[in-house]
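Here is a briefing on charges, surface patches and sequence-distant pairs. Please look over the sequence and structure first.

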Amino acid sequence: MSVDRRNFIKMAGVGAAIGLATKAGASTLTGKSGSYKPDYAASTAHRWAMVIDLRKMSEETIAGCAEACHKAHNVPRWDNAKDEIKWIWGEPYHNAFPAQENHHTKEDLAHKMVPVLCNHCDNPPCVRVCPTQATWRREDGIVMMDWHRCIGCRYCITACPYGSRSFNWRDPRPAIEEIDKTFPTRVRGVVEKCTFCNERLARGEQPACVEACEGGEIVFGDLEDPNSEVRNLLAEHFTIRRKTGLGTQPEIYYIV
Amino acid sequence: MYDAGKIITGIVVFLLLVTSPVWYNLASGHSGDVPELELPAGETVCVAETSFMRAAHMNLLNQWRDEVVRNENRIYVSEDGREFNMSLTNTCLDCHSDKTKFCDRCHDYTMVDPYCWDCHIVPGGTN
Amino acid sequence: MLENALYGSRKYWIWIFGLLSVMAVGAVCYIWQYNMGLTITGLSRDVSWGFYIAQFTFLVGVAASAVMVVLPYYLHNYKAFAKITILGEFLAISSVTMCVMFIFVDMGQPFRIVNMFLHPSPKSMMLWDTVALNGYLLLNVLISYVTLRAERKSVAPPNWIKPIIILSIPWAVSIHTVTAFLYSGLSGRTFWFTAILAPRFLASAFASGPALLIIVCLILKKITKFDAGREPIQKLAIIAAYAMSLNVFFIALEFFTAFYSANPEHTIHLRYLYFGVGEGTSLVPFMWISTALALVALVLLLVPRLRKSETVLVWACVGVFLSIWIDKGMGMVVGGFVPNPLGKVIEYAPTLPELMISLSIYAFGLLIITVLYKIALSVRGQLKH
């Protein structure tokens, strides 16, 4: 039997491909064990939302919220704007609400610091663009992150109109002052953002930033529960949201 | 065959090199050694049967990951009805509290380097 | 056929080893980047896509431009392009490979790329871009292999390759359209949120690609026995001229929409790029160089007397290529991120390791082109014996 060089290479290639496919196929054959259910104490909602009372907000309060959030989630503190990771922080009013800007904004608003975070939009562009569904919108409205699946392409950062997302440009661990052992850290190369404290909701607790605000500056609850505090606040007060013209339907409401 | 001497010598050398782990292990006298695991005190069985865990703990962990992160379920009900909170750090490593005396023993022996520890915290901070 | 790449002159081997050395340095830099993280680049929280993605965007255009030789020859029997379709297809293969590599080095967790296929997200344009690009690569590899092999045997290519070649024509248009869709569907990024982004991409692609092909053909005429001939080169020049005219026209249209309306969300990005905003002025000189190059090159291409001189033509093509490279490879991506969604101007500049990794990817692309062209020309050279 004489085989010429081209045919030999072709046969070797096909053989290797079949071998790899068999190996991959064989590894999917494993058993399953047990069953799963949600935490007994978990808070549930049809539509989580947040109302932030800017009239009560101060820079110190925002710093306190950010401190609580970042501590609870092992968010690293980098002292340079390049590597910075933040889930919630303060922005001047005219940066947070460029569409509301006018030259004669009332005094206390014009100089106000506004806490900004992921808006957990109803129609999130970041979810639409994620190629691996590492970020998705849950039934209860939370735009969630799966840090196991994220490939670090940063398309979601590009798509977010609010600048809510941060990327781990380097290993975060050296910059975490005090690691909270009940929550994992992230690894270099994945995107992260606020997840409405889904792990605390699963224990029936309020989000960390809400608890850190002692004056009730941030209220969190179920928008579709007509008796919830968020619904009452929205019925009573005029609220604004960020960049509403884009069609994202953000679910963070600001009382001005 | 052209250059038969060179080719056959080459094949023999190649076979020796490629089987070197086998005869090196035999020669070193440690070929029968298997990793010794220190089991947690007080517990006799894990969240599932030992034979299942030995073969498929990574599959179980992947299922736990998907259930907690993607399906919002945090409680695992084992085959024998016990309930556990699904967490690598807070449940698995709660019992298997010293990673170096348990997890690492087999992982080092088989040269497996799971990257779970990049994110999931090891109590006692050995990672 | 492949063995033809293993025989060459001293100059050929010096070139090959030069490219391999550049690639080696880049590989070391990439290993550093993989271990340390993308922090070694100039990217930041506010400009999270930069040089790598910009090169990807530019090179998708160059890859798509192969259609400018394939369409006239295979669809309209324009015989003058017979000798250069293979060059266009090989250029496409090299460009698409570089595109894929630029994406790979830009990713935070590149080895998780399989997740894209295990958990596909049909609404994500990135999935379709991956499918389109890899499909285009496969198409070009198949088409160039089959046609070159047929040429070597001095027979016509088999009939079944014809529909595949026809398929590559709309496919080429689609790869750059879907790349534009990555950007133009994002309502939060007002610089890119325009329907004309895809036409702009295509126009600039069909100018820069043929310009590069002309330069390559003229280089080949100097260093090998291959002469593409006057007619194909002149036709490519006319194609580049029309495409570049459209490209410049589209840019002017962008200026009109933004500045006539004075809508700040649209003007701010053009102001940043061309005039600077506050202290953010680093791209201004580059954008004006790009504009000057575009206008001068356009005149050189449109005036027949100037276009017909190959000495002038090669400089016009360099001008077109550089102008579009600055526009797409420097201005377009960064311009969309500055200012950031909160209105702040935070600038970006690539770092040395970032540039080194990029250079090594370009070196790899040049290596592919060298090897493939060597094979093609050797096959043709052998036919003379």
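**Charges, patches and distant pairs**

Asp108(B) sits in helix α5 of chain B, which covers residues 103–109. Helices are DSSP runs of H or I with at least four residues, strands are runs of E with at least two, and both are numbered from the N terminus. This is a predicted model, in which local features need pLDDT of at least 70, side-chain atom pairs count only at pLDDT 80 or more, and totals for chains, interfaces and linings use all residues. Residues are numbered from 1 along each chain as its sequence is written, chains are lettered from A and ligands numbered from 1 in the order written, and side-chain values use heavy atoms, with hydrogens and water left out.

**Surface patches**

- Asp108(B) belongs to a negative surface patch with Asp171(A), Asp113(B) and Asp118(B).
- Patch residues have over 30% relative accessible area and no salt bridge; like charges are joined within 9 Å, and nonpolar side chains (Val, Leu, Ile, Met, Phe, Trp, Tyr) within 5 Å.
- Accessible areas come from the Shrake-Rupley method with a 1.4 Å probe, and for residues only the protein chains shown count as cover.
- Lys and Arg count as positive, Asp and Glu as negative; His and the chain ends are not counted.
- The place of a charge is NZ of Lys, CZ of Arg, CG of Asp or CD of Glu.
- Asp108(B) counts as exposed because its relative accessibility is 57%.
- The classes are buried (under 20% relative accessible area), exposed (over 50%) and partly exposed (in between), with a 1.4 Å probe and protein chains only.
- A nonpolar surface patch of about 1,200 Å² lies on chain B, and its residues include Met1(B), Phe14(B), Leu15(B), Trp23(B) and Tyr24(B).
- Two elements of chain B, α1 (4–18) and α2 (20–28), each give two or more residues to this nonpolar patch.
- The most comes from α1(B), with eight residues.
- Leu15(B) is in helix α1 of chain B; its relative accessibility is 47%, so Leu15(B) counts as partly exposed.

**Salt bridges**

- A salt bridge is a side-chain nitrogen of Lys or Arg within 4 Å of a carboxyl oxygen of Asp or Glu.
- By this rule there are 26 salt bridges over all chains.
- Arg138(A) and Glu72(B) form one of them, at 3.6 Å, N to O.
- This pair joins two chains, because Arg138(A) lies in the loop between β5 (135–137) and β6 (143–145) of chain A and Glu72(B) in the loop between α3 (50–70) and β1 (75–77) of chain B.
- Arg138(A) is buried at 8% relative accessible area, whereas Glu72(B) is partly exposed at 33%.
- Arg70(B) and Asp146(A) also meet in a salt bridge, at 2.8 Å, N to O.
- Arg70(B) is in helix α3 of chain B and Asp146(A) in the loop between β6 and α6 (155–159) of chain A, so this pair joins two chains.
- Both Arg70(B) and Asp146(A) are buried.
- Within chain C, Glu310(C) pairs with Lys221(C) at 3.0 Å, N to O.
- That pair links distant parts of the chain, 89 residues apart: Glu310(C) in helix α13 (residues 310–337) and Lys221(C) in helix α8 (residues 197–223).
- Glu310(C) counts as buried at 19% relative accessibility, and Lys221(C) as partly exposed at 35%.
- Salt bridges with shared partners join Arg47(A), Asp122(A), Arg137(A) and Glu251(A) into one network.

**Buried charges without a salt bridge**

- Lys112(A) lies in the loop between α4 (107–110) and β4 (113–117) of chain A.
- Lys112(A) is buried and has no salt bridge; Asp108(A), the nearest side chain of opposite charge, is 6.0 Å away.
- The Lys112(A) side chain does reach the backbone oxygen of Leu54(A), at 2.5 Å.
- A polar contact is a pair of N or O atoms within 3.5 Å; within protein, one must be able to donate a hydrogen and the other to accept it, and residues adjacent in sequence count only if both atoms are side-chain atoms.
- Arg188(A) lies in the loop between β7 (166–167) and β8 (191–192) of chain A.
- Arg188(A) is also buried without a salt bridge, and its nearest side chain of opposite charge is Asp118(B), 5.4 Å away.
- The side chain of Arg188(A) reaches the backbone oxygen of Asn35(C) at 3.3 Å.

**Sequence against space in chain C**

- Gly336(C) is in helix α13 of chain C and counts as buried at 2% relative accessibility.
- Gly336(C) and Arg189(C) are 147 residues apart in sequence, with 6.1 Å from C-alpha to C-alpha.
- Ser204(C) is in helix α8 of chain C and counts as buried at 2% relative accessibility.
- Ser204(C) and Ile164(C) are 40 residues apart along the chain, and 25 Å separates their C-alpha atoms.
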